[in-house]
Structure formats: structure tokens, C-alpha cells
Amino acid sequence: MMSFKNLDLKVNLIAGFTVFLIALPLSIGISVASGAPPTAGLLSAIIGGIVASFISGSYVTISGPAAGLIVVVLECINSLGQGDAMRGFRLTLAAIIIAGVVQILMGLLRLGTLGLAVPINALNGMMASIGITIITKQMYVLGGIKPQSKQLLGQIAELPSRLLDDNMVILAIGLLCLCIVIGVNYLPRVKKVAPPALFAVLIGYALSLFIDIEHDHFLNIFNHDYHVGPEYLLTIPKEISGYFFQPLFENLTSSHFIQAVITIALVASIESLLSTYAIDKLDPLKRTSNLNKDLFSKGASNILLGFIGGLPIISEIVRSTANISSGATNRVSNFAHGVFIMLFILLFPQFLSHIPLTAFAAILIFVGFRLANPLQMLNIYKAGKSQVLIFLVTIFTTLSTDLLIGIFTGAVLELVLNFIRVKNPLHLFKVRTTTDEVNNQTVLRVEGSCVFTNMLFLKDAIESNAAKIMTVHFAEKSFVDTTSKELLFNLQQKFLNEKRILLFKNVDISSTGSGH
């Protein structure tokens, strides 16, 4: 539970307000891109702040809807609804509830660290494919048009030819907002005033009023009439009761529903755990989160969100980083950002209904580019051609099928490659260690290879030892895969935070392909 001693209220309230400015437009944009009502993202941000902060196992992370789950929710709504978006959304809410139960069980069974044992470049490939999907779908929204193909690869293929069909008025607003998001992001002084997404929303709001998009009419530009109207604006219920939707519990044993539950539980858990693990390295007080408790809190929050009409939440890394940069020291900032969002929608609901959808598309295109940043390939290439292969295969498989199959294919490919490299296949699933004291230092000797399927055994052996100086001694020519190197690098940083020293012999952890 949150302690109310030494809350540092002033600094954490300021951090919470800063995060609120970032979370408000992102939560709406994520919700719209997911095919859900805009209110779903707002509810998730509120519950992620107000509820999750009381039961979280982390300290300075921000909980809320995430861009990485857009593709998951959109696919669930489409597959479950079979053309009926509202029915698909209500069935997805039921899937979110059951996925939340799965997350709670995982937390109680202390399976939180299993989320770390995912091949890092299969995970990078999955996130890149999510970015590509977001960019593709939001490019259509940016131009005020709809794709003809229902398949993602078809939408990618037809996009160049559809550029001539763009509504130039809507596209101009979207491109201006996109330029603002990109420009402000690279202007630190301006960025300190307000986050890039908020600037884009404010400009979109002003242009909406100036052009009067709220009312149907045509604008003549270069002797061509372009239609504008309320369908290009965000639709927000006038009454608070319109924010809530009830889950629909039907066909719970169907393959589509079971796949939805597994995908939401798996992807949400992995993303959340990895984000929490990464944010711990930025915590100014150098605290370590309880991953199992954090998983439990996300599951409990997702159950509640499923019953009221919200999206699943995770520990979101961008908002969490902004939270720390704003001086946050505890969970009060997360709680405050949820309260600020709730107050905003209660006091200024009409503001939201005048924001063009193309402004949110611009924000999400930038988010998608960060997920699918081409420069990431350079870091992955440094780790070896096999890691590039895993990365690309995961992307292609995910775009061709879905996230679950994509991440599974990447993991299996990594396992096969490790099977070829490891001399003894039994070493794929277990690592043996022995501990010696040499010259007042602890030496942990590792027998065999260390790969993503056995690295958690080594992690436990390292963390269970309280030595001030420890050397992990691998046998000569031992194979250590990229995912394990990333874990070892993170453990070394954790030791530094604790004023301890962790050294490695016969392994180079500098080239992981993750960019650390």
C-alpha cells in the first residue's frame, strides 16, 4: 500500500501534472487507434493512476494505456466482433477481465520474472511491427480517407496510390500537427513548456474552430471542393454515463476469445514487466520494484477496467521517464496524473469534442516511428546477422499473422539457433553454478552456456549472493546469447546502484543489439 509519510507532495504533484499533459492526448489517441471508444483510454489512464498506484509494486512508473497494445486490442475487436465494432469491443472487455485474472495468478505464482526471458530481438521485432502497423493505419486517418483492404499488408501496398484521394484540408491539418510533434520534440526549451502531443492537440483544436469542422460544409482550395464535417472530429459523450460500457460474456470457449485472452495477458505482462525493469534503472532513489506485485496490480486494475469499459494498462515507459525527469519520487505522481485527467473530463468535456482525429493520427505516427525506428537495425546488426534474421522474421510473421504468432516464431527461431550453437542441448534449459572465494572476492563459475531459456537460473544465483565484489566466470568458449548479455548488463548496473561490483570473465556484454 502507498505510504503517506514523506510524500514530497509539491514535487510529485508537479510531476503528476506534467504526466497528465502527456497522457491526456496519448490516451485518447491510443483508444481511437485501437478501434475502441475514445473514453476507454481516458478511463484506463484514470484507473491506472488512481487505483494502480495504491497496489503497485513499483515506485515511479506511470500506469495507463500503451501504444504497444493498440494492435492487440484492435485485432481482438475485429476478430471477436466480426464486423460489429461495438459488440467486438464489449467482447474484448470480457477478454480483458479474464486476462486480468491470468495476470493476478501469474503474480501470485511469482512468475513476474518470466517476462524477462523473451528473446530481446524477437521482442524488438514485435515492437517494430506494432510501429509499422500504427503508422500504416494512422496515415489513412491523417489524410481523412479509409483503406479499401482489410488486411494490413494490403493496406501497406495500397497506401501510395491512395495519397491522391486525401482530403487536402484534413491532410494539411494532420501534416502541420505532425511537424509540430517532430519539431517540438527536438526543441528542449519549447518541450519544457508543454509536451509535443499537447501542442499538436491545441493547434488542431484551434484550426477546427477556425475552419468550423463541427458543421458540414465544403472549402474551395485551388478550384477543388473539400468536405469537412463532424465525422473528422473526436466524438465524446455529453454525459459521464456515456463513458461506461459493460462487457459481453459470450462464446468464451471460442478460439478467437481464447486467443484474445492469451494475447492480452501475454503482451501486456511482458511490456509492463520490461518497462518496470527499465524504469528501475532510472529511479533516483535506486529502488527495485516487486515485479510479482506489480503484475498483480495490473491484473486487478485490468479486471476493473474490463467491467467499466476501459483498455488494458501497463507500466508505460515514456510517461514514466517523463515522470522521473519531472522530479517524481513516489507513487503520488501516478495517483495525481489520474486525478488530473478525471477532473479535466469533468470540467472541460466540450474541448475534447473539437479536436480533429487527424491531430491524434499525427501524434501516433510519431509514436509508431519511435517503435519502428530504422536506426535500431544498426544496433541489432552489431549483435550479429542471426539477430537481424530473428528481428526481420518476427516483423514479417507478425505483420502477416498476429502478435502472438509473431513473438512465438521469433522465440522458436532463437531457440533453434541456440540449439545449433550449444554443445550440450541439456544446457539450453538449465545452468549450473558453483561459488568460490578467491582473494576476498566471490567467484561464481558457470558451467555450460547461458541462453534466454536458462538465464533466469543464473540471475537468481547472482542476486541471491550478497557479495560486495563478484566475478561471474564463464568457461572458455561458452556461448552466451544476446538476451542473456542484456540481462547481465542490467544486473551490472543494478550492482553499481547498490555500490557493489559485478564483473564478467570470458564474455563480452557490450554488444547486445539493444542499445541498452
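User: Which residues does Gln376 touch, not counting residues up to four places away in sequence?

Analyst: This is a predicted model. In it, Gln376 touches Asn124, Ala128, Leu371 and Phe391 once residues up to four places away in sequence are set aside. Gln376 itself belongs to helix α17, which spans residues 376-382.

User: What makes the pairing of the Gln376 and Asn124 side chains a polar contact?

Analyst: The distance given for the two side chains is 3.4 Å. A polar contact requires N or O atoms within 3.5 Å, so the pair of Gln376 and Asn124 at 3.4 Å qualifies.

User: Why is Asn185 called buried?

Analyst: Its relative accessibility is 15%. Buried means under 20%, and therefore Asn185 counts as buried. Asn185 lies in helix α8, residues 168-185.

User: Which side chain makes a polar contact with the side chain of Asn185?

Analyst: That partner is the side chain of Lys191, at 3.2 Å. Lys191 is also among the residues that Asn185 touches, together with Pro196, Phe366 and Arg370, when residues up to four places away in sequence are not counted.

User: How do you know that Glu158 and Arg162 form a salt bridge?

Analyst: Their closest N and O atoms are 3.1 Å apart. The cut-off for a salt bridge is 4 Å, so the pair of Glu158 and Arg162 meets it. Both residues lie in helix α7 (residues 152-162), 4 residues apart, or about one turn of the helix.

User: Are Glu158 and Arg162 buried or exposed?

Analyst: Glu158 has 11% relative accessibility, and Arg162 has a relative accessible area of 10%. The limit for buried is under 20%, so Glu158 is buried and Arg162 is buried.

User: Why is Arg445 called partly exposed?

Analyst: Arg445 has a relative accessible area of 31%. Partly exposed covers values between the 20% limit for buried and the 50% limit for exposed, so Arg445 falls in that class. Asp436, at 32% relative accessibility, is likewise partly exposed. Arg445 and Asp436 form a salt bridge whose closest N and O atoms are 2.9 Å apart.

User: Why is Leu347 called exposed, and what is Leu346 counted as?

Analyst: Leu347 has a relative accessible area of 60%. Exposed means over 50%, so Leu347 is exposed. Leu346, at 47% relative accessibility, counts as partly exposed. Leu347 is found in helix α14, and Leu346 lies in this helix, residues 332-347.

User: Which residues make the nonpolar surface patch of about 650 Å²?

Analyst: Leu346 and Leu347 are among them, along with Ile240, Phe244, Met342, Leu343 and Phe348.

User: Which members of the largest nonpolar core touch the most other members?

Analyst: Of its 93 residues, Leu42, Met126, Ile130, Leu352 and Ile363 do. Helix α16 (residues 357-371) gives the most to this core, with 10 residues. Apart from it lies another core, of 25 residues, including Leu273, Leu291, Val472 and Ile509.

Methods. Residues numbered from 1 in each chain as written. Predicted model: local features only at pLDDT ≥ 70, side-chain atom pairs only at ≥ 80, totals over all residues. Heavy atoms only, no water. Patch = residues over 30% accessible without salt bridge, like charges linked within 9 Å, V, L, I, M, F, W, Y side chains within 5 Å. Areas by Shrake-Rupley, 256 points an atom, 1.4 Å probe, with all protein chains shown as cover. Salt bridge = Lys/Arg side-chain N within 4 Å of Asp/Glu carboxyl O. Helix = DSSP H or I, 4+ residues; strand = E, 2+ residues; numbered from the N terminus. Buried < 20%, exposed > 50% of the residue type's maximum accessible area, 1.4 Å probe, protein only. Polar contact = N/O pair within 3.5 Å; in protein donor to acceptor, adjacent residues only side chain to side chain. Contact = heavy atoms within 4.5 Å. Core = buried A, V, L, I, M, F, W, Y, C linked by side-chain atoms within 4.5 Å.
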